[in-house]
Amino acid sequence: MAKKRKPGSPNRENYSPLLRLRLNQSVKSAELRLSGEALESFKQLSQSEKRDVVLKASEKTVDTEIIDYFKQLNAEK
């Protein structure tokens, strides 16, 4: 007879294990940089929500870096 599996919460994130590891490291560094009310509200989020916040913030910084780079290229011409 096969063992019955315990119902658990399914992993709804579609991130690879390596990306999750990197995001968790970014979460830890973000917690170190935050203070006060921002830190308290960040700590109240679940781990998956923290990863989503860090990922969105990193995408925004990359987007602004790309835009700044192209602005510099256009300014040189």
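Is F70 buried, partly exposed or exposed, at 46% relative accessibility? F70 counts as partly exposed, because its value of 46% lies between the cut-offs of 20% and 50%. The views below show this and other details of a predicted model.

**View 1. The aromatic pair of Y69 and F70.** The structure holds one aromatic pair. The ring centres of Y69 and F70 are 5.6 Å apart and the ring planes stand at 70°, so the pair is edge-to-face. An angle over 60 degrees is what places a pair in that class. Y69 is partly exposed, with a relative accessibility of 47%. For F70 the value is 46%, and this residue is partly exposed too.

**View 2. Helix α3, residues 47-76.** This helix is made of 30 residues. From the first C-alpha to the last, α3 reaches 44 Å, close to the 44 Å expected at 1.5 Å a residue. The buried residues of α3 are K50, R51, V54 and L55. Their cover includes α1 (residues 17-33) and α2 (residues 36-43).

**View 3. The largest nonpolar core.** Six residues make up this core: L23, V27, A30, F42, V54 and L55. Two or more of them come from each of α1 and α3. Helix α1 gives the largest share, three residues.

**View 4. The surroundings of F42.** Which residues are in contact with F42, leaving aside its neighbours within four places in sequence? They are V27, A30, E31, L34, K50, V53 and V54. Three of these contacts, V27, A30 and V54, belong with F42 to the largest nonpolar core. The list also includes E31 and K50, whose side chains meet in a salt bridge.

**View 5. The salt bridge of E31 and K50.** Side chains of opposite charge can pair when their charged atoms come close. The structure holds one salt bridge. In this bridge the side chains of E31 and K50 meet at 3.0 Å, N to O. E31 lies in helix α1 and K50 in helix α3, so the pair ties together parts that are 19 residues apart in sequence. E31 has a relative accessible area of 23% and is partly exposed.

Terms used. Residues are numbered from 1 along each chain as its sequence is written. This is a predicted model: local features need pLDDT of at least 70, side-chain atom pairs count only at pLDDT 80 or more; totals for chains, interfaces and linings use all residues. Side-chain values use heavy atoms; hydrogens and water are left out. Helices (H or I, at least four residues) and strands (E, at least two) are DSSP runs, numbered from the N terminus. The expected span of a helix is 1.5 Å times one less than its number of residues. Buried means under 20% relative accessible area, exposed over 50%, partly exposed in between (1.4 Å probe, protein chains only). Contact means heavy atoms within 4.5 Å. A nonpolar core is a set of buried Ala, Val, Leu, Ile, Met, Phe, Trp, Tyr and Cys residues joined through side-chain atoms within 4.5 Å. Rings of Phe, Tyr and Trp (its six-membered ring) pair if their centres lie within 6.5 Å; planes under 30 degrees apart count as stacked, over 60 as edge-to-face and the rest as tilted. A salt bridge is a side-chain nitrogen of Lys or Arg within 4 Å of a carboxyl oxygen of Asp or Glu.
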